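Dear colleague,

I am handing over the structure below, together with a description of what was found in it. Please read the text with the model open beside you.

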Amino acid sequence: MDAIIGAAIEAAKAAGEVALHYFRTNLKVETKGDRTPVTQADRECEAKIIEVLSPRFPTYGFLGEEMGERAGQVNARWIIDPIDGTKNFIRGIPFFATLIALEENGEITAGVMSAPAINDLLYARKGQGTFANGQQVRVSDVDDLSKAMLIHGGLKDLKVRPCWGPFLRLVDATARQRGFGDALGHSIVISGQAEVTLEPEIKPWDVAATKILVTEAGGRFSDFVGSPSIYTGNAVISNGRVHEAVVDILQGR
């Protein structure tokens, strides 16, 4: 296994052990400045990831949800979401994941998505494909939006934003819609079980790993206007075949 991926998997699994130690316990929940929840588990998971990766890649930087940015000596950094799906985690729902991505010279070149409570592990390295629990996975081959499954993370998140109207048009244009939030929704598209998921408000650590996981599985990642950036605040994650049709609807075309 590629050394980068091997180290990222080890770090994700170590963080998963920390998360499971706290899972379904009486955790104190705090609210951050952006009104999102955080727990001691989130902070300890991120610290564990940095502890595992720092000695092996001492010149690399970090960008983490809880500890912020730490510059490295080279143009490479790890982008970390220690517990993606903290709201699920807090309520004892097992659909949460550790996300780790490597960004080199502005490009995401490796990604790991580890959901310890359901024993699910996805990983990808640039040019090497995407694997789920050791088996290579591909996105679906559905190329007709009218036959596609649309995933969303929550109706209220969409309703309070300007994309609500376009989202309703997407509902009419697709065959089925399901609400699977956060990394779970992404993994469903990556593994070929649905065709598109929408993220109306995200941070880089929410989708950095997803970007390479879906593209190496044959799919596509962009924001709502079609840019491949993880830094513009929203995302379309798809099997690629219906991507342009989705962006066109989002843009009112």
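Does Glu10 count as buried, partly exposed or exposed, and what is its relative accessibility? At 37% relative accessibility, Glu10 counts as partly exposed, where buried means under 20% relative accessible area, exposed means over 50% and partly exposed lies in between, with a 1.4 Å probe and protein chains only.

Some notes on the source come before the rest. This is a predicted model, in which local features need pLDDT of at least 70 and side-chain atom pairs count only at pLDDT 80 or more, while totals for chains, interfaces and linings use all residues. Residues are numbered from 1 along each chain as its sequence is written, and side-chain values use heavy atoms, with hydrogens and water left out.

As for the chain overall, its secondary structure comes to eight helices and 15 strands, these being DSSP runs numbered from the N terminus (helices are H or I with at least four residues, strands are E with at least two). Of the 253 residues, 53% count as buried, and the C-alpha atoms fill a box of roughly 50 × 40 × 30 Å along the principal axes.

One part to look at is an open sheet of five strands, which has the order S12-S11-S13-S15-S14 and mixed pairing, where two strands pair if DSSP finds at least two bridges between them. Strand S12 (176–179) and strand S14 (220–222) stand at the edges with a single partner strand each, so one side of each is left without a neighbour in the sheet. Within this sheet, S11 (residues 149–152) and S13 (residues 196–199) pair in the parallel sense over three bridges, and Leu150 stands opposite Val196 in S13.

Two helices lie across these strands. Helix H5 (residues 164–173) lies across S11, S12 and S13 and runs at about 150° to S11, whereas helix H6 (residues 182–190) lies across S11, S13 and strand S15 (235–238), running at about 150° to S13; contact means heavy atoms within 4.5 Å, and the angles run from 0 to 180 degrees between N-to-C directions, with axes fitted to C-alpha atoms, for helices over the stretch in contact. Seven of the nine residues of H6 are buried, so this helix is largely enclosed by the rest of the structure; among them are His186 and Ile188. Just after H6, Gly192 takes a positive phi of about 85°.

Elsewhere, six bridges join strand S7 (residues 107–115) to S8, and these two strands run antiparallel, with Ala110 opposite Arg125 in S8. Three bridges join S8 to strand S9 (residues 130–132), again antiparallel, and the bridge partner of Tyr123 in S9 is Phe131. Five of the six residues of S8 (residues 120–125) are buried, so that strand is largely enclosed by the rest of the structure.

To return to Glu10, what is its salt-bridge partner? Glu10 forms a salt bridge with Arg56, the closest N and O atoms being 2.6 Å apart, where a salt bridge is a side-chain nitrogen of Lys or Arg within 4 Å of a carboxyl oxygen of Asp or Glu. Glu10 lies in helix H1 (residues 3–22) and Arg56 in the loop between helix H2 (40–53) and strand S3 (61–64), so the pair ties together parts that are 46 residues apart in sequence. Arg56 is partly exposed, with a relative accessible area of 43%. By this rule the count comes to 14 salt bridges.

With kind regards
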